[in-house]
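Subject: Handing over the model

Dear colleague,

Please find the structure below, together with its sequence.

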Amino acid sequence: MRILRFLIGVLGNAAGLFLFLAPVITFKRILRSRSTEQFSGIPYVMALLNCLVFTWYGLPFVSRNNLLVSTVSGIGGVIEFTYIVIFLIYAPKKERTKIIGLFALIMTVFLVIACVSLLALHGNTRKLFCGIAAALFSTIMYASPLSVMRMVIKTKSVEYMPFFLSLFALLSGVSWLTFGLLSGDPFIIVPNGFGTGLGIAQLILYAIYCKNKSHTENTIKDDFTEMDLGMIDQAKKPDSSHL
């Protein structure tokens, strides 16, 4: 059972790493266009909080035999922080202010969790406190794409809901759900069970609306085409001042 649990943990690390790297395609687009367009920065901030809390939860002095949780969460934290920095560079002022405020809030929350658990709590009480916090914020992280899902339903386009991000969210959720079941750890089971269900829902939405992915792009192109034709027609008209 320990070997199976370890192998599932390694698989969870791999799936988690792919999940953290999935937005690379999105950020290549942001760097190329020098704009965050309609992408939301909230999921990356919430993912950072999740990584920080689960890195803390997996440390030996908080919970035993969960070091695999700390490794992937620690790597994920570095990756998510990088995404946030890039997002802040290219986000409009209003969005940048919102993300900076949210970032300051989640760092404050994490520091409070770390200090309270380290200085005021011990043994199982420390694990319980950190576990509840980890499960709570992990669930919030998985729920953060709900705003994007609402946009998909409203616009009938999956342009701003990357396929690989949804796919690896599902794979990561399934892997860590299995790991939690083998460990008997409810703080891993609950959020990843929720994440698995949400991942399935995202892929269902993608299957329904994937044919409309380029709808927004085509609309923009049509608008520019109409503008160009209008300018050409205007140029062809004789200038009334010379008549």
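About 210 Å³ of space lies in the second largest cavity of this predicted model, where a cavity is a set of points, on a 1 Å grid over the protein atoms alone, at which a 1.4 Å probe fits but cannot get out; a volume is the space filled by probe spheres set on the points, which are joined across faces, edges and corners. This cavity is lined by 16 residues, and N50, S73, S172, W176 and N192 are the closest to its centre, a lining residue being one with an atom within 4 Å of a point. Two or more of the lining residues come from each of helix 1, helix 3 (42–57), helix 4 (67–90), helix 6 (123–143), helix 8 (163–183) and helix 9 (186–209); helices are DSSP runs of H or I with at least four residues, numbered from the N terminus. By class, the lining has 10 nonpolar, 6 polar and no charged residues, with Ala, Val, Leu, Ile, Met, Phe, Trp, Tyr, Cys and Pro counted as nonpolar, Asp, Glu, Lys and Arg as charged, and the others, Gly among them, as polar.

The largest pocket has a volume of about 300 Å³, a pocket being an open set of points with protein on both sides within 12 Å along at least five of seven lines. Its lining holds 14 residues, with Q38, F39, S40, K98 and M151 nearest the centre, and divides into 5 nonpolar, 4 polar and 5 charged residues. Helix 7 gives the largest share of that lining, 5 residues.

Please look also at N13, which is found in helix 1 (residues 2–21). N13 counts as buried because its relative accessibility is 16%, and buried means under 20% relative accessible area, computed with a 1.4 Å probe on protein chains only. The side chains of N13 and T71 are joined by a polar contact of 2.9 Å, that is, a pair of N or O atoms within 3.5 Å, one able to donate a hydrogen and the other to accept it.

Finally, the unreviewed UniProt entry lists residues 6–27 and 188–209 among its spans for "transmembrane region", though such annotations may be inferred rather than shown by experiment. In the model, residues 188–209 are 100% helix, with end C-alpha atoms 32 Å apart.

Residues are numbered from 1 along each chain as its sequence is written, and side-chain values use heavy atoms, leaving out hydrogens and water. Because this is a predicted model, local features need pLDDT of at least 70 and side-chain atom pairs count only at pLDDT 80 or more, whereas totals for chains, interfaces and linings use all residues.

Best wishes

Terms used: Buried means under 20% relative accessible area, exposed over 50%, partly exposed in between (1.4 Å probe, protein chains only).
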